[in-house]
Amino acid sequence: MIVKFLVAAVLAGTPLLFGTLGEILNERAGHLNLGVEGMMSLGATAGFIVGYKTDNFVLALLAAFAAGAFGALIYAVLTVMLMANQNVSGLTLTIFGIGLSNFIGFYYVGKSAEGTLKLPERITAQMRSVHIPVLSDLPVAGELFFSYNPFVYLGIITAVVLGFYLFRTNAGLNIRAVGENPAAADAAGIHVTKLKYLNIMAGGGICGIGGAYTGMITNGGVWISDCVGGLGWIAVALVIFASWKPVKAVFGSLVFGAFRILKYYVVKDIIPIPDAFFDMLPFLVTALVLVATSMRQSRENNQPAGCGINYFREER
Amino acid sequence: MREPFIRTVKRAELSPKQTAALRLAALLLALTAGGIFILCLGYNPFAIYGTILSGSFRSGLAIQAVVKIMISLLIASLAVTLAFKMQFWNIGAEGQIIMGAIFSSFFALFCANWPRVVLIPVMVVAGVVGGGLWGLIPAFFKCRYGTNETLFTLMLNYIALYLIAFLRDGPWRDPANPGFAKIATFEKNAQLPKVFGVHIGWIFALVLLAFVWVYLKYTKQGYEISVVGESQATARYSGMNVKKIILRTMFMSGAIAGIAGMAQAAGSDATLASGVAGGVGFTAIIVAWLGNLNPGSIFIISALFSILEKGSSVVQSNFGLSTDCADVLQGIILFFILGCEFFIRYKFVIRGKDGAGA
């Protein structure tokens, strides 16, 4: 029972992990991108449609990444080059992304013969749990650690790589400097604009892969409108919970994944808590975390100082 | 160091005429981009745009539908305008709409036998209080601890949304409908009366439009909002109580959004549905921004968006394209307008063209 619960929590947390990692990259570059939900939606459609057409898992992943990065590119052009308001640009990206995603999905459903879209056999098989000889057959540990679909492992690898990139490499140091104080970074000879573009787009791509998870796995390979369904907003929240650190995001998404599925595991006869309360939980916890972090005001676990403010070179 | 190939400089202020021309050009470019998108799908963009327009005006009923969509959108846009003028990022109109709807629905459901002249005003006040309190929460934490209001209001949206789900599944569930969890339809007495075929929410909207316009332009409090928005330090230096202004303004912002929720529940839906806000709180932010936080422009833009919304439902039935195309077009339009704002304030200078080098 507990093992089952943990496995389900990992699965429910995986799309959140991708969204969170993508948003961490954005915010570390100094851009509060509220378009996560939109970028995930774009990734969901692109991944699903390419998977549906080509029956190739790798191509589907690449398409999802490209679609997310494309959404992020729109956002980056608006906020980095044209210095538009970040909140409004991000929200627009969300509305645009969800709209376009549903629109394209609806378009293909209308063209399909059966009136539904279902991923073909081969790709579904590729997305099934990876079976690792010996390890996957271990009792308990096998199910707990080695029974997942490729997305889960990809997510954890991405988190570790990002953590290494941000905190152990020069490039990561540079991008963190850009996020904290772009003017100082610029004076130190860091190419602020280029780094911002690269990180925002990479972040968008990672969000896109998280979207592909909701499009291709969550509903068992059948296309459903609005498949991201608010996860992007939870991811924005999780960034705070993870205090802008990729490795902490793994833990955070596990916790929030557990919140998402908790209602199926609580015995209702013993603890009569309504379902709606469980659905509310991730948002409630984030609100509390927000208040708590703002009360403590620790510099270490705070939003990058330059986040939300556009950088205009000639106004230093 | 060499001068960069392209750099950005501030430009002298454009005349209002030039600004308007630039915005119009952006709108046309946006429609062109949308048209190319439609063309790529193999449809005639003129036919689609034409259907959106004609579909919204084809009958009295269609126009009424447009007005109905517009009521909550306009009111919510006015609500966020107040907060945005103060540079307070109230992304929480969605939640404030919902709380207004919940508070007023309480009276609609359980006090339906009150005389209508008492009940309807009480419901309006309940909407004001519900939305206002929900707006006050983030303002309080912002003032007290500096809590980031963008993210906090965002979370409150979802908390409010699931509050409806809780009421629907539990205490307010309609016992007459055992199979399907929903909240009962309001009795006729608790529904907003109709004037010219549309519930009186449209009168609320027009009154609020005038109110917000006068408030921002001609009152001391409205002036204080814009000073706080420009610079909190300046406001403090000139002796304004910044915290009080933030709290007061956010209460009003939430309260106005609450009226939108009340009008939607008691006017259009005649029940408290979980889709009572239905993304209007987010679209309102786009509308307010496109309208440059100017009530007059907001009126026009919310009308255009409502036409787009209604027209795209006709496009769905005529062409088999999803109504989501309204969202796509709204997004494209805002992308272009956001981009064009840049050219109002700045310009690009290509290396060597400007001579001076500074």
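Here is a short walk through this predicted model, going from packed helices to ring pairs and cysteines.

Helix α3 (residues 60–85) of chain B packs with helix α11 (residues 280–290) of chain B at an angle of about 65°, and their axes are 8 Å apart. The crossing of α3(B) and α11(B) is right-handed. On the α3(B) side the contact includes Ser72(B), Leu73(B) and Phe84(B), while α11(B) contributes residues including Val280(B), Thr283(B) and Trp289(B).

Gln330(B) sits in helix α13 (residues 325–345) of chain B, and Thr283(B) is among the residues it touches, leaving aside its neighbours within four places in sequence. Buried or exposed, where does Gln330(B) fall? Its relative accessibility is 0%, so Gln330(B) counts as buried.

For a contrast, look at Ala210(B) in helix α7 (residues 201–218) of chain B. Ala210(B) counts as partly exposed because its relative accessibility is 41%. Ala210(B) and Pro295(B) are 85 residues apart in sequence, yet their C-alpha atoms are 8.1 Å apart in space.

Now for the aromatic rings. Over all chains, the whole structure holds 32 aromatic pairs. One of them joins Tyr107(A) and Tyr108(A) edge-to-face, with 5.7 Å from centre to centre and 85° between the planes. Tyr107(A) has 16% relative accessibility, so this residue counts as buried. Another pair is made by Phe283(A) and Tyr162(B): the ring centres are 6.2 Å apart and the planes stand at 25°, so the pair is stacked. Because Phe283(A) lies in helix α13 (residues 275–296) of chain A and Tyr162(B) in helix α6 (residues 149–169) of chain B, this pair joins two chains. Phe283(A) is buried at 3% relative accessibility, whereas Tyr162(B) is partly exposed at 21%. Elsewhere, ring pairs link Phe106(B), Phe107(B), Phe110(B), Trp114(B) and Trp172(B) into a cluster.

How many disulfides does a search of the whole structure find? Over all chains, the search finds zero. For Cys227(A), the nearest cysteine sulfur is that of Cys207(A), 14 Å away. Cys325(B) is likewise in no disulfide, and its nearest cysteine sulfur, that of Cys40(B), is 15 Å away. Cys227(A) is buried, with a relative accessible area of 15%, and Cys325(B) is buried too, at 7%.

Definitions and conventions. Residues are numbered from 1 along each chain as its sequence is written. Chains are lettered from A and ligands numbered from 1 in the order in which they are written. This is a predicted model: local features need pLDDT of at least 70, side-chain atom pairs count only at pLDDT 80 or more; totals for chains, interfaces and linings use all residues. Side-chain values use heavy atoms; hydrogens and water are left out. Helices (H or I, at least four residues) and strands (E, at least two) are DSSP runs, numbered from the N terminus. Buried means under 20% relative accessible area, exposed over 50%, partly exposed in between (1.4 Å probe, protein chains only). A disulfide is a pair of cysteine sulfur atoms within 2.5 Å. Contact means heavy atoms within 4.5 Å. Axes are lines fitted to C-alpha atoms, for helices over the stretch in contact, and angles run from 0 to 180 degrees between N-to-C directions. A crossing is left-handed if the near helix is turned anticlockwise from the far one by less than a right angle, and right-handed if clockwise. Rings of Phe, Tyr and Trp (its six-membered ring) pair if their centres lie within 6.5 Å; planes under 30 degrees apart count as stacked, over 60 as edge-to-face and the rest as tilted.
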